Amino acid sequence: MKIIKYILFSLLLAIAMPTEIQAKRVMKPIMYMFGFSASFQDSIIYMTDVQEVKNVWYDSKDKFLLGREHYSSQMKNYLENSKQKFNRVCVVMFAETRKEAEKLFIKMRKEYTVKAKGKYDVRYLTTDEFKFEPVDMSDE
């Protein structure tokens, strides 16, 4: 009986003990991403080309792009300054390989062109018009 109490106490202590798990942040030499922008005020959708972005910070544990909000802000600022399109929601989709990124791009494009049956005016931003710049996440 004493051994069972000891084991239960040890388990309870192990569970209750706060543990801090750090995400593994790594810099990927190349990541592929594209941007998507929509607004609740109009039916215009903007999509960028799949772009190769160098020196991108990545959380290898969660497989998540770090600094997503900075990449989204780059696209939002571009649309506000160059196209005079305000109050837009911008999202960045990413993948580790070009093939995966293009697969996501095709799926999203199909969602807003073929499946939507002309409800949206989809406009494409080429790499010559807009290009994502790497975001330094080494300090954060």
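Tutor: Buried means under 20% relative accessible area, exposed over 50% and partly exposed in between (1.4 Å probe, protein chains only). This is a predicted model, in which local features need pLDDT of at least 70 and side-chain atom pairs count only at pLDDT 80 or more, while totals for chains, interfaces and linings use all residues. Residues are numbered from 1 along each chain as its sequence is written, and side-chain values use heavy atoms, without hydrogens and water.

Student: How does Tyr 112 count at 22% relative accessibility?

Tutor: The value for Tyr 112 is 22%, which lies between the limits of 20% and 50%. Tyr 112 therefore counts as partly exposed.

Student: What share of the residues of the protein counts as buried?

Tutor: Tyr 71 and Phe 132 are both buried. Of the 140 residues of the protein, the share that counts as buried is 31%.

Student: How many aromatic pairs does the whole structure hold, and of what kind is the pair of Tyr 71 and Phe 132?

Tutor: Rings of Phe, Tyr and Trp (its six-membered ring) pair if their centres lie within 6.5 Å, with planes under 30 degrees apart counted as stacked, over 60 as edge-to-face and the rest as tilted. The search of the whole structure finds eight such pairs. For Tyr 71 and Phe 132 the ring centres are 6.1 Å apart and the planes stand at 75°, so this pair is edge-to-face.

Student: Which residues form one aromatic cluster with Tyr 71 and Phe 132?

Tutor: Tyr 71 and Phe 132 are both buried residues. The aromatic cluster that holds Tyr 71 and Phe 132 also includes Tyr 78 and Phe 130.
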